Amino acid sequence: MSFDPTPQQLAAIQSIAQDTVVTAGAGSGKTKVLVERFIYLLENGFTMDQIAAITFTKKAAQEMKDRIRHALPHMEDLVETAQISTIHSLCQRIILEHPREAGIDPRCRVVEEWEADAILVQVITELVQSVELEGEYRTTTDAVELIYTLYKEMLRRGDTSFRKHYPAVDVEGAVEELCQVVESFLREMGRTTLTQRQGVVISRLEARWPQIKVDLQSGGGVFVEDGLEALEDFLGGNWGKLKPVVGEVKEAAGAVRLALRESQAALVLTQLGDLLEQVHQRYRAAKRNLGIIDFGDLELTAAELLKDPNVVRDYDFRHVMVDEFQDTNPVQMQIVQGLCSQGAKLFIVGDPKQSIYRFRGAEVKVFAKAREDITVSGQHVPLDTNFRSRPEIIKFTNAFFKELMEGDPIGYEKSQYDKEAAGRPLVHVLEIDGENASLGEGRELEAERIAWQIRELVDSGRYAYKQITLLFRTRTYMRIYERALQAAGIPYVNLSGRGFYSRQEVQDILNYFAWLEDPDDYVAKLAVLRSPFYNVSDEGLYWEQQGKREHMSPEDRAGVEQAHRDREHLVKFVRTRPAPYVMQEMLERTDYISTTSRLPFGEQKAANVEKLLQQSWDLFTRGHISCADQLQYISIVRRGSDDESEAQLDAEHADVVVIRTVHGSKGLEFPVVFVPDTSGRLTKSMGAQVVYHPQVGLAYKGTTAYERAKELHEAEELSEARRLLYVAVTRAEEELYLCGITGAATSKSWWQWISEILPVVPGELYDFASPAEAPPAALVEVGREETAAGEELLGPPAPSYTQVAFSVTALMTYARCPRCYYLRYILGIPEQIRGLGSDGQVKAPSTRLTGLERGNIVHRVCERISDPAELTELITFAAALEGVVLSPSQVRDIASTVQPYLESPFFKKVQRGETEIHREYDFAVPLGTRFVINGTIDQVFLDDELEIVDFKSNWIRPEEVPQEGERYRWQLRAYAWAAAKLFGRPVIRSQAYFLIPNSVFALDGPALDLNAVEADLLHACESIIAGEQHGIAGFPRSPHCSECGEWEE
C-alpha cells in the first residue's frame, strides 16, 4: 500500500465480503481509504469493470483515477475505462445505453441548468397567461415565480405527485358552532353582573348580532369575513374575570377563520397542483422536442430504468462505492440500490456532520437510514482520527460541538488527534463591541479588526498571506470585508463564485433595462444615473429627486440630460427589437464598456458585460425575446440562487488571502481560518403564499399545514447551520479565529451559539484576540482611486508570486511579442471583445457579415455539430450568438464552407464513434514546482495514441496556411505536451484546422518532443516572472509585431 493505514482505515479497506458504511470525520483520510479499497479489490481478483465508484465532483473522480493510475502503472490503460465518475455521469451512461427503454433520442444532449431554467420559465409563463388564476397573485410574474420555485423544489426531492385530493372543509359547521357559542355567551351575560363598559359592549353586540349572524351564515367567504371582523371588534379590551368565557368565543371565531383558510387552501392548492402537473408535462415535451435532458431527468430516468432487471443485468458490478454519501438525495439512493440489486456489495463513506447541501436536495437522513440498515447485517467502521488539525483545535471542536449538537438527530461523535500539540490555545475569539452600533456598523468594525489581525500574523513572520483564508456562511456581506482588506494593503482573491448577476456592472445594465421598461421605476433610474453610464454624484441625485436640476453642478446636469435623451432613443428599440439588440445599442450609445474598462478590475468587468450580452443572445434563441422577458427570467434565477459564476479570466495563484464560502471550502484545509460575519440570522423568513415540504406537501399560508411546514423548514435550516459551522471550524490546521459582534448579533445566529457555549468549554482551549492597534493613516490610502463621480474604489495590492498559472494563449502571446503580453496581461488593457469595433464601440446588429463574424460562426458550428442534419439549425444559433441575422443565401454560403469539414477524416471519426473524443477539453497541468499551465483543446481523439485538433476561424487563403500555422506552433506544441501528461500516451499529431480554406497545419515527430516543449514552457514562465521586476523594460517589443504599437497608442 502507498500509505500506512490505521487499524480503522485497514478495516474499511479490507471489508470486501459484506456491505460496509464508513463514518469518516473531518481530516480522517477517507479519500485515501476509498482509493486503497479500489486497489485492494483489484489485487484480490476483481476486474476493473466489476467496480463502480461514485464521487461528488468531477475533480474528485479525476483525482481518484490519477491516484490509481500512479499506484498501478501496469493498469494505466484500463483506468480510463473504469466506472469512476459523478452520479450524473453514471446516470447519463445508463440512459444513453438504453435510449429505447428511457424513451429518449439517443442523440440528446444534457443542458446546463441556466438553459433548462430558461425553457422552464417560458413554459410556465405561457401556461399562466393562458388560464384564469385564483385571486392569490398580485401579478403574472408572482404566479410564475411561485410555480417555478415549487416545481424546482418538488423535483429536487423526487416528488412528482403534483395533483392531490384536498377534502372539503366544513365551514358551515364551524359557523354554526360559533353561532351557538355566541348565543350561549349572550344568554350568560344576561345573567351576569357586568361593569358599565362591559354592559355597553354586550348591549351593542346584542343589537348587532342578528346582522352579524346573517353575514356568517351567508356561505360567501367575503360576508363571513365581514361577520367575523364585526364580531371580533366587540371582543377586544380587558374583560377581567370574564376573560375565559370571552376566550371561548374568540376560539370559536378562530376556528371559523381557520376553516375559511383551509377551504380557500383547497381551491388554490387544487388549481396549483393541476398547473404543476401541466408544467411537468409541457416541460418534458419541450425538452423532448429540443432533444435535450436536464440534470433532474438524469437522476429520475436512471432510477426508473434500474427498476428493470434487464437493465440492471447490463451492469455487472460486484462492488459499488459511494463517496460523500451524507450529501445524497432519495432519488440517488434509489439509483445506488438499483445498482446493488443483483448482489453487489455496497461501500459508502460519509460524515453526517458535514451534510451541507440541503439546497440541492441532499437529505442527511438518507445517510442515517443507510447506516442503520447496513449495520444490521454488514459492518460499520468509524474513522475518528483527525490528521489535519492540531490537538488544541480538535479538543475545542469536541467540547463545543458536543454541546451544540446535543439533541440534534445526527448527534456528535468526538474526534481523536494525531499531530503534535502546540502547548497554547489555537482557537481565538475575536469579539467586537457592537452595543451601540447597528449590525452593519458592527460588520465594518469586525472587518477592520480581521484585516489588522491578518497584518499582524504576516508581519510577524508567522504566516504568509496564502496560508490564511476567510470562510463565510453566505456571500451577502463579503464586500465589506474586501474593502477592509484593501484598506489595510492586504492582497486577496475572492474564490466564492459570488453571483454573476450581483456584479455591479451586470446590475447597471439590468437597472437600465428596468428603467426602459418602467419610467416610474425611480430606484432603477437613480442607480443608472449613479453608475458609470452617467457618473452623477449623490448631490446631483438629490436635486434630481427634488426636481431642481438648476441646483446641480454643470457635470451632473449634463449627465442627467444625456441620460434622458439616451432613454428616449432606446425606448424606441425596446418597442421593436429583441433584448440583445437593445443591449448592444445601449452599450454603443453610452460607451459603457470603454468607461468601465478604465476602472479597477476593468478587464473582469468588461468580460462580465460580454458574458451578459452572450447570455442575452442565448436567451433570445430560447424564446426570451423582450427586455421584460429576460428581466423576469433573471429575477427568478436570482431569487432561487445566483450561482452563475463570473466570466473566467486567467488566474494567478499568488501569495494572497483567500475568501471563500464554507460550501466552497468542503474537502479543503488551511493553516489559518477566520470565520467572520457570524452575527447574521440563520433562518429565512417564509412569506410565500404557498410552500412545500416533503412531509407536508403543498401548504397554503394561514393553515395548520403551513405552520407545520415552517417549523420543519426552520428545524432543518438550524440543523444544517450547525453542520455548516462544524465544516468551517474543521478546515483549520494551525489556528482558528471565531469573529462576532456583541450587542448587535441577532437571535438564532452562529454568534449567539458561540456566546452561549463558550462558558462551558474549558478556558484553556481558547483565548480572546487582543484589540488591534489603529492602522497607520498612510496605509489606509493604499490602492485608493476615485471615479468620475467621486466614488472611492480600492484596487488590490500587487501580490508576491509563489505559484503562477499561465494560460497557453498568454504564453503564445509572450512568445510572439513580450510587449504585447505586458500590455494585455500585466497592465490589463483589454482586447477587443466580440461585438466591439476597433474604436471600442459596440457594433449595431447587422445583416452584413464580416470576415471575423463568418469565421466565428463556422468555428462554433464545427465545435458543436455531430449530425449533418443539424447544420442549418446550428448555423442560425451560432449567428444569433454573434449578433447577426443571416439571409437564406448567407446560411447556404456558410453551410457550403462547413461541408468540406463534414466530409473530412476528423468528422468521419466523430460520426463513427469508434474513437473516444474529448471536446473543448479543459486542462491544468503542473510545470515544475512553481507553475501551472492551463487551456482548452477543441478536440482530443483518444486511442492508443493521441491526436489533437484545434479549430481556427482565421479568414485566410490556402497558400497562407503554412505561414499562419507557424503562428500557432507554440500553442500546438503546448497542447501536445499537456495532453501527453494528462492521458499518459504519446501524441502523434497536433493540428490547427483552418476552417475557412479547409486546410490543416500539422506538427508531428521531433516538433512534439515533450522534453523540448517543457523546457520552452519553463523558460517562458521564468522569463515573465523575471521581467516583472523591471516593468515594461523587461518586455521588449518584437521587431515583427505591429499590434503592440497600436495598443500603446
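This is a predicted model: local features need pLDDT of at least 70, side-chain atom pairs count only at pLDDT 80 or more; totals for chains, interfaces and linings use all residues.
Colleague: Why is C179 called buried?
Modeller: The relative accessibility of C179 is 2%, and because buried means under 20%, C179 counts as buried.

Colleague: What makes C739 count as buried?
Modeller: C739 has a relative accessibility of 0%, which lies under the 20% cut-off, so C739 is placed among the buried residues.

Colleague: Which residues is E716 in contact with, leaving aside its neighbours within four places in sequence?
Modeller: With those neighbours set aside, E716 is in contact with R157, R358 and H693, while T683, 33 residues away in sequence, is 9.5 Å from E716 when taken C-alpha to C-alpha.

Colleague: Which residues touch the most other members of the largest nonpolar core?
Modeller: That core has 76 residues, and L276, Y512 and V690 touch the most other members; helix α7, residues 113–129, gives the most to this core, with 10 residues. Not counting residues up to four places away in sequence, V690 touches L146, L150, V268, L269, L272, L698, A699 and Y700.

Colleague: Which residues does the second core include?
Modeller: The second core is separate and has 47 residues, including L927, I933, A976 and L1017.

Notes: Residues are numbered from 1 along each chain as its sequence is written. Side-chain values use heavy atoms; hydrogens and water are left out. A nonpolar core is a set of buried Ala, Val, Leu, Ile, Met, Phe, Trp, Tyr and Cys residues joined through side-chain atoms within 4.5 Å. Buried means under 20% relative accessible area, exposed over 50%, partly exposed in between (1.4 Å probe, protein chains only). Helices (H or I, at least four residues) and strands (E, at least two) are DSSP runs, numbered from the N terminus. Contact means heavy atoms within 4.5 Å.
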